Structure formats: C-alpha cells, structure tokens
Amino acid sequence: MTIEIKVPDLPESVADATIATWHKRPGDKVERDEVIVDIETDKVVLEVPAPEAGILEAIIEEEGATVLGQQLIARLRVDAIAGEATKDTTASVDAKADAKAESQANADGDSLSPAVRRLVAEHNIDAAQISGSGKGGRVTKEDVEAFIKDGRKKAAGASSPAADIALPEAAQGERTEKRVPMSRLRKRVAERLLEAKNTTAMLTTFNEVNMGPIMELRKQYQEQFEKRHDVRLGFMSFYVKAVVESLKRFPEVNASLDGDDIVYHNFFDVSIAVSTPRGLVTPVLRDCDRLSLADIEKSIKELAIKGRDGKLTVDDMTGGNFTITNGGVFGSLMSTPIINPPQSAILGMHKIEDRPMAVNGQVVIQPMMYLALSYDHRMIDGRESVSFLVSIKELLEDPTRLLLDV
C-alpha cells in the first residue's frame, strides 16, 4: 500500500513554501512519526512526519522547490518492510557503483541541497573537504555541522605536507565567490524592513540609563530567585516590566495604524527580537502585564530554545504591539532599530559599559547603557516619545517604582 505525503495546510497569511531539507532519500526506511522533510515558510519551518512506518518510495518535489498547501511531495510504501533486506542489498550494490560519481558531484556543489549550500557559504567551507554520509556519498546538513565542530582539529593537522596538497583553492590565495539563494525568512525580513523604511515617518530618540540598581538587585537575589523559580533572573524581565508600565502611561505608543484609523490596544503583547540560525525573528510574549518576572524569564527562555531549534509556530510569531531588541548581547553600544510594522515603536537596548559620570558633584564610575526608541512620527509626537523613553529610564534606575506604581 502506498501513502501520499503532502504539504501540510499552510497558515492563512502564507501563500506558498519551499522544500528545505529531505531527511530521507528514496529507498530509506522510515519509522512512524519520524520527520522526513522540513518545509520552510517565510515565518516558520514545518516538520512533516511519516504517518506510518515504511519505505520512502519516491520524492516528487526536490529540495528548493516551491510548493503549495496539500501538494503531493512524496510517496511512502508501507507494505515494503518485509522486503527491506532484499531491497537494501540491491540498493547497496547500486550505491557502490554510483558512489564515485555522486561524490564528485558533491565536491562540485551540484547536488548540494539549498540548506547545505547556505551552511557551507555562511562558514566559508569547501564542500569537497566534507565526507558525505548520505546516499552515494551525498553531503548532508549533519555532515556540514560535524565538519564545523571538528574544524579546529582538522586545521591543526593542515600543517603536514599531505594536508597542504589538499588545501582548497581559496587557501592558496585565489579570489573566489560563492552564491547561495536567500532563505524565505531572510526574504521576508528584507521585505518588512524596506516596508518600514518606506511607509513610516521613522525617527529615533536616545537616552542613557544607570544599570547599577538593577545589577545590585540581581546580585542580591539571584541565587534565591533561581532556587525558587528554577530560572535565572536576567535583565530582559526588567526591560519588559518597564516597557509595559510605560505603555500604560502612553497608550499612543501601544497603538497601530490601520488605514486612516489609529487602533489603541488595551492589552500588552510584546515582541522580543531573537537571533536564530535562520535569521532574526520576533516571537511574542502575550499579556505581559499579567506576568511576573519569573514568568517572563521562563517564557523568554522557552521562545529562545524554540527559535534555536526551529520549533517556533505561526502563533508564536503573530501579533505584538511593541518590540524590544537587545543588540547589547552582541556588543552593540548604540544603534537605530527599525520599526516592526504595523507597530508604532521599537526599543533598542545596548551594551552595559562602565563610564565616568557626575554624581552629586563627584566623578563616579557607573554601569551605563544607551536606550534607543525608534517611533512612527505620524502617530507619536516628540513629546510623547521622549517622555516614554524617560519613563523607562526612571523605572530601570529605580526598580522599586515598578512595585509602588509611581
């Protein structure tokens, strides 16, 4: 019996998708619920599991193909388990006969999947150096990741004469280029950034905040907090709490434009910019005004793990009235973040840097951080934007205000 493998129903806002990675090839054994293919949309990566155990009979759409919801992409034969041994014997003979030719094709980059080509290009790796574990010596994504992990060990042995012969052309001083297709997520990010620049009257205002009080608070209660809530107390929960309290005081910052109408939201869903292997995403923390510091830290940790593993869902990415991005984790001292449409503002946090400050007529070294608020001037005037940022500054410099609501 043959089962058709189809593309899952795509979200309403997603028109089509791309076959990202086939984890199985024709002739491979597949267990029930084992992921056989990843399908990439402009928002998330969908994993398609096998409905039954069997043998992957045929792949209809190869990696890189554009597909629609419920489109046929493969066939699975579920009555072929009994004949697996015979089939595997025949396949192994064919694989040995074709291994040399397919390995050469891999070295030339002709048979590399889009996901593998992107990974190879990002790390500037010569595909010919990677031993493929796939069918016929095909280089898989796992092979590339293993090669990257072992790169230092391989580099240490590159000083021998034999290794010098195997050096890629780029190491011999040749000028080379690599061209890889832009991922769907990267395309979507590019579209939204251009849309924000071209359709909003965006300005950025700056301020600075003394992080000393929060750092002392974390130092004092970090151990107790972690024991009680099983999560570390970070800075982001304080940022979120300060933003929510300031949004309550300045509702126009929590609003969005819909045509000629301004939509004021009476809820507080905050998008958190997260860097993932696929690119920058902004999953949403919902109803932040109802969350404790521990709840916020746990939710952010969960979203970060899901983003790293490519498990974010469309629901995780949908909505959000305001965005927080923290470039300080990468060492950024100051930046001008771009608004995430249709939101009206975004807050950029930066690196905490010890600087000499004048305090009560004395020069004192303080842990200072720059804040940057980019806002849509069509909706938010300068007075509101500056006052909103000052409110965040005051709440962060004196966290007790968050408890007393002052």
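I take two strands to pair if DSSP finds at least two bridges between them, and I take helices (H or I, at least four residues) and strands (E, at least two) as DSSP runs, numbered from the N terminus.

I note that this is a predicted model, in which local features need pLDDT of at least 70 and side-chain atom pairs count only at pLDDT 80 or more, while totals for chains, interfaces and linings use all residues. Residues are numbered from 1 along each chain as its sequence is written, and side-chain values use heavy atoms, with hydrogens and water left out.

**Strand 3 and its sheet**

I looked up strand 3 and found that 2 bridges join it to strand 6 (residues 54-59), the two running antiparallel, with Lys 29 standing opposite Ile 55 of strand 6. Both strands belong to an open sheet of 4 strands in the order 1-8-6-3, with antiparallel pairing. The edges are strand 1 (2-6) and strand 3 (29-30), each of which pairs on one side only.

**Strand 19**

Which strands pair with strand 19? I found that strand 9 (residues 202-210) is joined to strand 19 (residues 362-376) by 9 bridges in the antiparallel sense, and that Glu 208 has Tyr 370 as its bridge partner there. Strand 17 (residues 345-349) also pairs with strand 19, antiparallel and over 5 bridges, and here Ile 346 stands opposite Ser 374. Strand 18 (residues 353-359) pairs with strand 19 over 7 bridges, again antiparallel, with Pro 356 and Ile 365 as bridge partners. Strands 18 and 19 form a hairpin with 2 residues between them, and Asn 360 in the turn has a positive phi of about 55 degrees.

**Helix 6**

I checked the length of helix 6 (residues 184-199): at 1.5 Å a residue its 16 residues should span 22 Å, and the end C-alpha atoms are 22 Å apart, which agrees. The expected span is 1.5 Å times one less than the number of residues.

I then looked up burial, where buried means under 20% relative accessible area, exposed over 50%, and partly exposed in between (1.4 Å probe, protein chains only). In helix 6, Arg 184, Leu 185, Val 189 and Ala 196 are buried. They cover an arc of only 135 degrees around the axis, which puts them on the same side of helix 6; the arc is that of the directions from the helix axis to the C-beta atoms. Leu 194 and Asn 198, on the other side of helix 6, are exposed. Among what covers the buried residues are strand 2 (17-22), strand 4 (35-40) and strand 14 (279-281), contact meaning heavy atoms within 4.5 Å.

**Two single residues**

Is Glu 384 buried or exposed? Glu 384, in helix 11 (residues 382-397), is buried, with a relative accessible area of 11%. Leaving aside neighbours within four places in sequence, Glu 384 is in contact with Phe 250 and Glu 252.

His 123 lies in the loop between helix 2 (114-122) and helix 3 (141-149), and at 42% relative accessibility His 123 counts as partly exposed. The C-alpha atoms of His 123 and Val 144, 21 residues apart along the chain, are separated by 9.6 Å.

**Nonpolar cores**

A nonpolar core is a set of buried Ala, Val, Leu, Ile, Met, Phe, Trp, Tyr and Cys residues joined through side-chain atoms within 4.5 Å. The largest has 74 residues, of which Ile 39, Ile 73, Val 240, Phe 322, Ile 324 and Leu 396 touch the most other members. Helix 8 (residues 236-249) gives the most to this core, with 8 residues.
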